[in-house]
Amino acid sequence: APMSDRSTTLQPSAKTRTERPRLYKVLLLNDDFTPREFVVAVLASEFRMSEDEAVRVMITAHQQGVCVVAVFPRDVAETKATRATEAGRANGFPLRFETEPET
Ligand code: TYC
């Protein structure tokens, strides 16, 4: 019989350690059109933030241009950023969320 896959697959050396998957920041970008209350509502609904937390994040993005909303594994970060951006688009607002890998 042919050699099994197992016997042809290189195994990690004894010292190999499993690394944690990289985390990605979800960033909220400021714009001149989206109402403040709408930004707060999206943060609360898509990221399960309290009203007070959401207001702080919205104000930081408003004043600094961008604010980190949260960090997640890549697929979760991308899904949440897409959903939150689409919530703005569905209401005619240019609200944008982006993702960026942590160092
Ligand atoms: N700058 C917007 C306004 O003045 C409010 C806003 C805040 C929009 C934060 C986006 O990420 C944002 N209506």
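Modeller: Let's sort out one term before we go in: Ala, Val, Leu, Ile, Met, Phe, Trp, Tyr, Cys and Pro count as nonpolar, Asp, Glu, Lys and Arg as charged, and the others, Gly among them, as polar. Keep in mind, too, that this is a predicted model. Sorted that way, the shell around the ligand has five nonpolar, three polar and two charged residues. Its members are Leu28, Leu29, Asn30, Asp31, Thr34, Arg36, Val39, Met58, Ala61 and His62.

Now for the polar atoms. On the backbone side, an N or O atom of Leu29 sits 2.8 Å from an oxygen of the ligand, and a polar backbone atom of Asp31 is 2.7 Å from a ligand nitrogen. His62 uses its side chain instead, with a polar atom 2.9 Å from a nitrogen of the ligand. On its own the ligand has 340 Å² of accessible area, and the protein covers 88% of that.

Which elements give two or more residues to this shell? They are β1 (23–29), α2 (36–47) and α3 (51–64), and α3 gives the most, with three.

Let's stay with α2 for a moment. Its 12 residues should span 16 Å at 1.5 Å a residue, and its end C-alpha atoms are 16 Å apart, so the two agree. Just past the helix, Arg48 takes a positive phi of about 50 degrees.

Technical notes:
Residues are numbered from 1 along each chain as its sequence is written. This is a predicted model: local features need pLDDT of at least 70, side-chain atom pairs count only at pLDDT 80 or more; totals for chains, interfaces and linings use all residues. Side-chain values use heavy atoms; hydrogens and water are left out. A residue is near a molecule or strand if one of its heavy atoms lies within 4 Å of it. A polar contact is a pair of N or O atoms within 3.5 Å; within protein, one must be able to donate a hydrogen and the other to accept it, and residues adjacent in sequence count only if both atoms are side-chain atoms. Accessible areas come from the Shrake-Rupley method with a 1.4 Å probe; for residues, only the protein chains shown count as cover. Helices (H or I, at least four residues) and strands (E, at least two) are DSSP runs, numbered from the N terminus. The expected span of a helix is 1.5 Å times one less than its number of residues.
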